[in-house]
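Please read it with the structure in view.

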Amino acid sequence: SQREPSSNVSPHPPVIALDISPPPPPPRQPLPVMAGTADSLPSLPQHTLFLCMPSPGEEGLAEAALAAFRGSHVAYVGEWGTGMTSP
């Protein structure tokens with residue numbers, strides 16, 4: 001038998017996207033990108049931190065985000081350990 005999803009559980013987890021300099025939103029952007037930095041993290045819900053190719057031009061960016069994050073899960077997307085974005 002197939003279980004019905006609970007009515008109080010969202011099929012899409014809440015996502016807050018931050019960028020130090022958000023691009024202008026395209027006409028059908030499904031997720032707004034807000035201005036923010038690692039300093040913004042303590043005031044946001046602390047579920048999972050998603051780091052995607054931290055900018056090599058901003059040394060310490062990933063470290064600052066990890067230090068400010070108080071949640072228990074981190075998802076990191078970048079290059080292999082020898083790449084320019086390895087932590």
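1. The largest nonpolar core consists of nine residues: Ala38, Leu41, Leu44, Leu49, Leu51, Ala62, Ala65, Ala68 and Phe69. Such a core is a set of buried Ala, Val, Leu, Ile, Met, Phe, Trp, Tyr and Cys residues joined through side-chain atoms within 4.5 Å; buried means under 20% relative accessible area with a 1.4 Å probe, protein chains only. Two or more residues come from each of β3 (48–52) and α1 (61–68), and α1 gives the most, three.

2. The model is predicted: local features need pLDDT of at least 70 and side-chain atom pairs pLDDT 80 or more, whereas totals for chains, interfaces and linings use all residues. Numbering starts from 1 along each chain as its sequence is written, and side-chain values use heavy atoms, without hydrogens and water.

3. In β3, Leu49 and Leu51 form the covered face, while Thr48, Phe50 and Cys52 form the uncovered one. β3 runs parallel to strand β4 (residues 73–77), to which five bridges join it. Cys52 stands opposite Val77 in β4.

4. The lining of the largest pocket comprises 30 residues, with Ile16, Ala17, Leu18, Leu49 and Phe50 nearest its centre. β3 gives the most to this lining, five residues. The lining divides into 22 nonpolar, six polar and two charged residues.

Terms used
Buried < 20%, exposed > 50% of the residue type's maximum accessible area, 1.4 Å probe, protein only. Helix = DSSP H or I, 4+ residues; strand = E, 2+ residues; numbered from the N terminus. 1 Å grid on protein atoms, 1.4 Å probe; cavity = no way out; pocket = protein on both sides within 12 Å on 5 of 7 lines; lining within 4 Å. Nonpolar A, V, L, I, M, F, W, Y, C, P; charged D, E, K, R; others polar. Pairing = 2+ DSSP bridges.
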